[in-house]
Every structure is written in structure tokens, then in C-alpha cells.
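Hi,

Here is the structure I promised to pass on to you. Have a look at it first, and then read on for what I found.

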Amino acid sequence: MRYETVIGLEVHVELATESKIFCSCSAKFGAGPNEHVCPACCGMPGMLPVVNKRVVDLGMTAGMMLNCHINRTTTFDKKSYYYPDLPCAYQTTQWFAPVAVNGCVEIETSKGKKKVRIKQIHMEEDAGKLVHDIMPDTTHVDFNRTSVPLIEIVSQPDLSGAEEVIAYLERLHALLRFAKVSDCRWEQGSMRCDVNLSVRPEGSSELGVRTEMKNMNSLTAIARAIEYETARHIDALENGTEVLVQETRRWDDVKGKSYAMRNKETAGDYRYFPDPNVMPVVIDDAWYAAIEASLPELPEEKRARYISELGLSEYDAAQLTQSRALCDCFEDAVSVCGKAKDAANWINSEVMNILNARKMNFDMLHIDGKSLGALILLVADGKVGRANGKKVLAAMFDDTTIDPAVYAEENGLIVSHDTGMIDAVIKEAISSDPKAVADYKSGKEKAIMALFGKCMKQLKGNCDPQVLHTMLIDAIKATE
Amino acid sequence: MKLYTSKAETAAASVVVVDDMILTKEMPTAAGSKMLEGYRSLFDAEMITRLHAAGYEIGGKAAVGEFAIDLVGETAYDGACVADGILRNAAAEIIKAGEAKAVVGLDVNGSVRRAAAQNGLISVKPTYGTVSRYGTVPVACSGETVSVMAKTAADCREILEAIAGHDDKDGTSLSEECCAQIKSGGSIAKPAKVAVITGCNLTPDAEAAAKLSAFGAMLEQNGISVTAVDAGVLTTASAAWNILMSAELCNNVSRYDGIKYGYRTENFENIDELYTNSRTEAFGVLLKTAILYGSDALSSENYMKVYDKALRIRRVIADAFAALFAQYDAVLMPACSKMVYTEADVQADRYISFAENCYTAPASITGLPVVVAGGVQMIGKAFAEPMLFAMAELYEKEGK
Ligand SMILES: [Zn+2]
């Protein structure tokens, strides 16, 4: 018998807010244990939750990016369970009226295009972290992540295998990063995914027994887990190796196996009820319109526009639209220099080189695109040599407030138009290396490079190479 | 008899005591529970900050029953205030002894109102949202209200004015414009009409009934018409409030797990025993009952049948009050079925506060303002505090 796999995903994404969802603690990743905590996010009595409006902004943005209906009145509810990383023993989430419902995302795989329906997007707070490896037999709790805002994106069971799941996750990743909803870093846990999977005979309309898999933190792990779990289900159905039960399973990526989680970790009644301390959030027309107006062009829209309107190559356009940060930098640079091809060239070569050398990813690009535009103009106008332009760029990575013209001036990186000085440098070079002169004259054209390099070095690169080249040839020819 | 859980040495003329549901940095806050014995808050409640700003000194913390859901404080973990078998309320005793201008406390299940009524004092439970709950130990957040008890209406009003106002730290706090309404000087619009509720779940005894009729007679002598109105749907308020209060309480006290702060058992082998034994040893029987009751109401099986129904009853009761206020300026109700509670009452029925709250639950569940004077409750529409105080002052004038 042939089988088909039916998969629905629950994707958790940490929102890119400065502060937590109900208190003013920093929501940033990477601080020391319990440095980003206060009485509110530690669950001490007497603190009341006050909703961070930015969280609702980003929840709405995500909803609109995924073509959802936005609930104009959205409410927060409490979900109760005991776990040491949950300081109040309840999580504030959205159960009755989530911010966004009924959306869809288009994905593309080897089988073509397909629409994946989104059931809902709800906003909630994250839990803390348990640390088991500081002392033996002791568990420590780090509340830094407690109350960091999340959205959970719940899809309908529309996905049929690892390829579609990966395409869907990559699409979410691109859309949410473009809209600056989240940095979506799998490795830091700011994007996480639970997979609900069942298997049924092909063509059947009934769903099989469903299992939920947790604890996968990379796309590769997700693909492996789906393949393993599908095979396990089919084996059970085909050969009766085991009886499938609806359960939550943990994926062990090292062993390449999924394991049923202890009942205790998953069972229970969450006792949802509306949080009386958080008033319903009412999204009026002005708020809705403001978020709608802030939505970015989709990556593929930008790519098409860069090619048709700005004349970029397919390659350059594709490179730039990998990341919103690259696009923003590019567009800001073009707004200043008006030279789209130059700007694309600078970003796709020089900027990329520096990012690679500094082990930074695209999204960490922080230089001011407008300054980059100014630098491009300086180089294009021959005021700064290309090589010195790279030095200015490197300085801009160290200090984003640098004005390229001022920096070039102060550091002697401006091209000299003083032909008298160039003449003097050439004369000195020629007299110090008569062999190179003789070689050149005898037809070894490459011999001029040594002289050219010597002059350029003397001039600290502040000379138009064309001008220097011409003047150098003229000077050699003029020697006896 | 222990009135204070903490007491400051002060000779200040304007001493205000707060009850032990109000968090203070300077003094521990136990909320009447062994679970929080010795607990020291990292921050002051908003009303403490406001009282300090207005020049009052905090004279100490008045003892309360465990999480303030009992009659008048008898379930305090370190013992009830009892004299001659009669249950005493710590806040009321402090005021009667002249040790404080007022006591500010949290009215969760009507204990402040019952205590004021039984001790011939004045209290105000202001409109929900006009006094910040920031820094109050949370129990039943959808209805509990910071309240003031004092000897006179003037003192109650003075302290209420100091603590009321919008607070960004409380998401349910009303706007400054709304809060300002309860601070304005009040008068009684003529011709005023008052409804007296009859047919409550519990019939008041002769003494309590006499208080109600005396108050009605006093109003009539002052040209205010008094009409008897049957309680009708208000009789469902107690059952609905017991559900909402217990459910919210169950959720709110679930944070006390013996791990982060508060009481921790010495008797545990693993984390489940740590949770269970800490809570078993620290919580009293009334609280445990409320936890079980609330947990059951919120279970997925009972949510629609029980909890959601209670939410709908809350709206029905609000509508009933709106209908009453279309005709009447205020609603008069008893605050308690008898003017003293004894130890024997609680021994006979340890859940007595879940029945006795039939008088206080209607205003708790709707957030309407209440002034207690002359041993009875006057309930007004939202922001009617000034008028209710004016009626209390009529009573005070007559009394002299
Ligand atoms: Zn915090």
C-alpha cells in the first residue's frame, strides 16, 4: 500500500522587541544568568502585566505578512501548568481571540507551487530556561527568557513531507525577517518548530494517529525527524511493529530517533481562562492602517523591481534580496548616489568581504546605507581611489557615524590632482630603477608595474590610476 | 490577640495602617498565609507611594485572614483575633483604638465591608479601576478593590483622594478623568430615590435587619424616598463570585511553589514532593478548598458549564444594577447577616464566608462602588462615591 504523510506545524518565533511582553526588562539574547529579570517576570506577587504595544504591532505585522484576518479585538488568556521555568505557574497566551486567523502562505517545491493555510497566529510569553550542568544533581533556573514575547504560527495540516516543510519554514523565515518581526535564529532558539505528523493510506480522507515532535533546532534536524517519524508510522501500520498512540515525542538528533516523552511532561489540563489583568486590545482603524502601511515589499517584489527599474543583473538582485538589511543598505545608498549598479557592486563585493572576514551574517549589517552612498560618489567622482574607498568602508564598520568625506580628508585618502607632486614622485622612481625603465623600453611592458606600484605607494594611493599610468609612460618615453 | 503583623514606631499625626495584603518594602507581607511568612517585597504598592507623597506615615500592617477570603480575618495562619469568642477584625480594632486615621486594605471577598459594618465604622470600596492594584497580593483580580476603612466619612474620603488616580503600572487602571470623578465634592440630587434590597440569599437577623430599617428611616427623614426591591438575579451573585474568585485564586496562588521564595517544606525527595508538600503544609483548609473548587471550575470539562456561566452571570448582574440605577440613585443592602461573628459560627461551617458574601458579592462581581455606614452597604453606579459619602454624612449628622 502507498501512504501519504500529513503534517501541520506550530512555529514559535521570538519577536524583535527591545523589552519583554509585560515588563520593561530587556528581551535581548546573551546576557548572564538572571540579568534581565524584575519582580514581574520572576512571578513575584503584586506586579501587574502591562502589554508592550510593540508586541501587538509585530503580531499584526506577522498576521498581515501571512495574509491573515486580524482580530480587531484580541485578548490574552492564562494557561496553567507547573514547571520550574515558569515562575507564575501560568503562561499568558492567547486562546480565545488570537491576533490573527485564517491566513495562507505560498510555497514552491520541486512539485510546483502550493498554498499552506495558516490556522492562527497568537502572541504569548516565553518560559525561562533550566540549566542542568552547573552542579551535579542540581538544576538552576535562568529567567532571562521568561516573558520574552513570542508568536506561535499554527498551520493547517497541509504539508506532505520534509521538502514542503522546509520550503514552508524557509518562506516564513524570509517573510518574518523581511518584515523585521524576528531575527528567526534557529541556533539561538528565536525560531522553533513542533511537528504534528500522521500517516494514512494514499487517497484516504481520514487522518491517522497523530504524534507531535519537539526539540528540533535546525532545518536538517526537522527533515531527519520527519523522515524517521514517517518511516516509524508506516512500519507500525504495515508490519504492526508497534501500536501508534497520540503522544508528544522528543527528537534526539544525535541518535537520530524520536522518543515518547514522559506522560507527566505533557499530560494535563491547561485551564485556560481570560486574564482579568489584561484588558482586551482593541485595534482601531488608524492602528491597523499604520501597520499595513509599514509592511515591506516582499523579497520577490524587490528582486523584480531591482531588475526592471534599477537595471541590476539577476545575480545582483538575488544576492541583495537575501536579507532585508542588505536591501535597506542598498536602497539608502542609491538614494544618495543614484548609482544602482555601483551600489550593488559595492555591497555584493566589498561589503560582503568585510562581513565574511568579520564572521557577521547579512542581518548584522549595521553601516549607514546613506554614508555608503556618499562613499560610492567619492570613488565614482575620482576623489577617493577604490583601494582607499575600501579603507573608508572598513572604518565605517568600526564607527557607523563616520562621514566618508571627512574621514578620507582627515586620513589623507583624498586623490591628489597636484601634477607637480606626481611628476616629482615619477622622476624619483625612474631615477631609482633604471633597469625597469630599460626593460620597459626594450618591450617588456610589464616592467612598468614595478614603477607604477612604487609611485602609487609613495602617493599613498591618492592618485587617479589612469592619470598616473599616462604620466608614467610619458615620463619613461621622455628619458634618454 | 494580634492586630499587627508589623508595627512602626511613629508619633506622626497622620498615621495610616495598611492591611497585610498590601506589599511594602519596609515591612514583610504574609497575606495571612504561612506560605508567605516573612516575605519581603522588592517594591512598594502604588498606594504606599501615594500615601508617602501625601505626607502620611505607614503605621504598620494590619493582620488579615489567609489571602483575605474569609469573614473578617479569622483564618490568619498565626491565629485569629478573638475576644470572648467573638471574631475581631484587626483593621477595625486599630481604628477604634485611635491608632490610625484609616486602614487601607484589599477587599477580596467583602471582609473590609463586613468589619466596617459590624464595628460602626465607615468604609469605601471605590469603583473598580480607580485605585491602582499595583503591589497588592493578587487573589481575585477581576473584582478585588483597594478599600479604605475609617471612623468618619471625611477621613475615608481624605485617604481615598490620596490613593486614587490613574496608574500606568496597572492595566485595568482607569483614566485620570474617570478617577477624578470619585474625588469631586458630592451632593445628593433631589428628589433622591433609594432602593432597599430584600429577599437576599440569607435573611439578616433582627439586629442586622434593624440597622437596615434604621438607615432607611434616616434617609426618608432627609427627604429621600426608600423603596423595597426584591433581590431578583442579585441572589446569583454569591455563587458566581465564588466561582470567579476561586478560579482566579487557584491560578494566582499557583506561583507559590516552594521554589523561588516563601515557605519550603523540609520533607521532599523530588520536585513533585517539593511542590506538593510545601503547599500542603503551608496552605489552610479554606484556601485549599478554594483552590480545588477553582481548579475544577476551570477544567476543560467544566469551563463552559461553570466558569463561562459565571462570567455571563456577571453581565446579567451588571445589567440588573443598570436597570436599578435607571430608577434609583443608590441601592441599600445589608453587609452581613448578623452584627457579630463567633468562633462557633466558623466551627459550624468553615465555608461560611462563601455564603455570607451574598451581600458583598454583587458589588465585588460588578466593580461598583460601595460605602458602608450605619452597618449597611450603599451601592452606587460607577463613580458615585461623592454621593454615597454625602449619604454617609447624613447618617453621621443624625447620629450626633
Ligand atoms: Zn521583567
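The side chain of Arg279(B) reaches the backbone oxygen of Val253(B) at 2.9 Å. Arg279(B) sits in helix α8 of chain B, residues 271-282 (helices are DSSP runs of H or I, at least four residues, and strands are runs of E, at least two, numbered from the N terminus).

Before going further, please note that this is a predicted model, where local features need pLDDT of at least 70, side-chain atom pairs count only at pLDDT 80 or more, and totals for chains, interfaces and linings use all residues. Residues are numbered from 1 along each chain as its sequence is written, chains are lettered from A and ligands numbered from 1 in the order written, and side-chain values use heavy atoms, leaving out hydrogens and water.

Is Arg279(B) buried or exposed? Arg279(B) is buried (under 20% relative accessible area with a 1.4 Å probe, protein chains only). Still, Arg279(B) has no salt bridge (a side-chain nitrogen of Lys or Arg within 4 Å of a carboxyl oxygen of Asp or Glu), and Asp257(B), the nearest side chain of opposite charge, is 7.3 Å away.

Arg279(B) also touches the other chain: among its contacts are Tyr82(A), Met35(B) and Ile291(B) (contact means heavy atoms within 4.5 Å). With the side chain of Tyr82(A), the side chain of Arg279(B) makes a polar contact at 3.1 Å (N or O atoms within 3.5 Å, one able to donate a hydrogen and the other to accept it; residues adjacent in sequence count only if both atoms are side-chain atoms).

Across the whole interface of chain A and chain B, 30 residues of chain A are in contact with 39 of chain B. The rule finds 0 salt bridges there, but 12 residue pairs in polar contact, both at pLDDT 80 or more.

Enjoy exploring!

Note on methods:
Buried < 20%, exposed > 50% of the residue type's maximum accessible area, 1.4 Å probe, protein only. Lys, Arg positive; Asp, Glu negative; His and termini not counted. Lists of a residue's contacts leave out its neighbours within four places in sequence.
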